[in-house]
Amino acid sequence: MSATAPMAQTPASEDARPGEGAQPAFGHHVGAGVDVTHGPILYLDNVTVSFDGFKALDQLSLAVDDGELRCIIGPNGAGKTTMMDCITGRTRPNRGTVFFGSTIDLVRMTESQIANIGIGRKFQRPTVFETLTVFENMELALKTAKGAFASVRATLNSEQLDRIEQTLIRVNLRDEVWRVAGILSHGQKQWLEIGMLLVQEPRLILLDEPVAGMTDAETERTAELCLSLEGTHSLVVVEHDMEFVSSIARKVTVLHEGSVLAEGSMGRVRSDPKVIEVYLGR
Ligand code: ADP
Ligand code: MG
């Protein structure tokens, strides 16, 4: 794939976790120990996932740079969600490697270990706590960021309150802070879930179809949010809404039948005859 591909060295999953009981300084990512100086923040090499002989991922190789905003598109069944499952430890590849930074082998780690080293994921359907307020949802997300905070019963300090407020401003929910999540619009619930990820300060964020079901105005705000995260976070966005993808696109990867069909700028993949044939031309 690239000359900067990480070499599989000694597994460093144990070392990579923040020290027991250690409280990372605010403004630092839980996964800040990840070494990205020698290559991409996320690196999949030759990943194959078979379900009863059917290859949902077929020798998939992909590298995402630190701070990059990457869009992944592709027809239904292309393997986009399965790819995220491999990164987050929900599915083990039958073959291939998945690295976070140059030393952390994700294939050897559990789902919760992976979440704790700074990889946050938003699933397709919002999963906020409907009977709790926006604030309480954020508070829970902050307190359950394992390894960072000792007790769920402890009251939040002013820095934590500030962090929640800043995050709510960022996801456009500052005015809804005392509302019960169940009465938010579908789009606002999606934002709340993104806020619950952001407050945990992940290094890498995976968003699976974030604008599904959103109004045009909500979709535009979500595009602004994604662009604002670029640079400080690494972002992988899977989305069907081509207008949305065009509005945030930097490098776009097109998946098809479990591997990369095309990769490059939106203009480049859009004019690729292979892409037109399997996806955009329909
Ligand atoms: P996408 O997100 O791109 O629409 P998926 O990753 O969800 O695609 O699915 C890729 C392919 O793998 C599909 O054909 C799907 O039916 C199949 N698949 C996904 N998960 C499973 C599973 N747990 N068991 C069997 N087949 C699966
Ligand atoms: Mg999917």
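Before anything else, one definition: two strands count as paired if DSSP finds at least two bridges between them. Please also keep in mind, as we go through the structure, that this is a predicted model.

Let me start with the sheet where that definition is needed, an open sheet of four strands in the order 2-1-4-5, with antiparallel pairing. Strand 2, residues 54-64, and strand 5, residues 104-105, stand at its edges, and because each has a single partner strand, one side of each is left without a neighbour in the sheet. Strand 1, which covers residues 42-51, runs antiparallel to strand 2 and is joined to it by seven bridges; if you look for Leu 42, you will find that its bridge partner in strand 2 is Val 64. Helix 2 packs on this sheet, where it touches strand 1, strand 2 and strand 4, residues 95-100, and its direction makes about 65° with that of strand 2.

Now for the other sheet, which is also open and has six strands in the order 6-7-8-3-9-10, with mixed pairing. Its edges are strand 6, residues 119-122, and strand 10, residues 259-264, and since each of them has a single partner strand, one side of each is left without a neighbour in the sheet. From one strand to the next, the twist averages 20°. Strand 6 pairs with strand 7, residues 204-208, in the parallel sense over four bridges, and within that pairing Arg 121 has Leu 206 of strand 7 as its bridge partner.

As general background, nonpolar side chains in soluble globular proteins tend to be buried together. In this model the largest nonpolar core has 74 residues, and those with the most contacts inside it are Ile 87, Phe 100 and Val 254.

Finally, we come to ligand 1, whose surroundings include Phe 51, Ala 56, Asn 76, Lys 80, Thr 81 and Thr 82. Sorted by class, the shell around ligand 1 has three nonpolar, six polar and one charged residues. Helix 2, residues 80-87, gives the most to that shell, with three residues.

Methods
Residues are numbered from 1 along each chain as its sequence is written. Chains are lettered from A and ligands numbered from 1 in the order in which they are written. This is a predicted model: local features need pLDDT of at least 70, side-chain atom pairs count only at pLDDT 80 or more; totals for chains, interfaces and linings use all residues. A residue is near a molecule or strand if its C-beta atom, placed from the backbone, lies within 6 Å of it. Helices (H or I, at least four residues) and strands (E, at least two) are DSSP runs, numbered from the N terminus. Ala, Val, Leu, Ile, Met, Phe, Trp, Tyr, Cys and Pro count as nonpolar, Asp, Glu, Lys and Arg as charged, and the others, Gly among them, as polar. A nonpolar core is a set of buried Ala, Val, Leu, Ile, Met, Phe, Trp, Tyr and Cys residues joined through C-beta atoms within 7 Å. A residue is buried if 20 or more other C-beta atoms lie within 10 Å of its own, exposed if 12 or fewer, and partly exposed in between; C-beta atoms are placed from the backbone. Axes are lines fitted to C-alpha atoms, for helices over the stretch in contact, and angles run from 0 to 180 degrees between N-to-C directions. Two residues are in contact if their C-beta atoms, placed from the backbone, lie within 7 Å.
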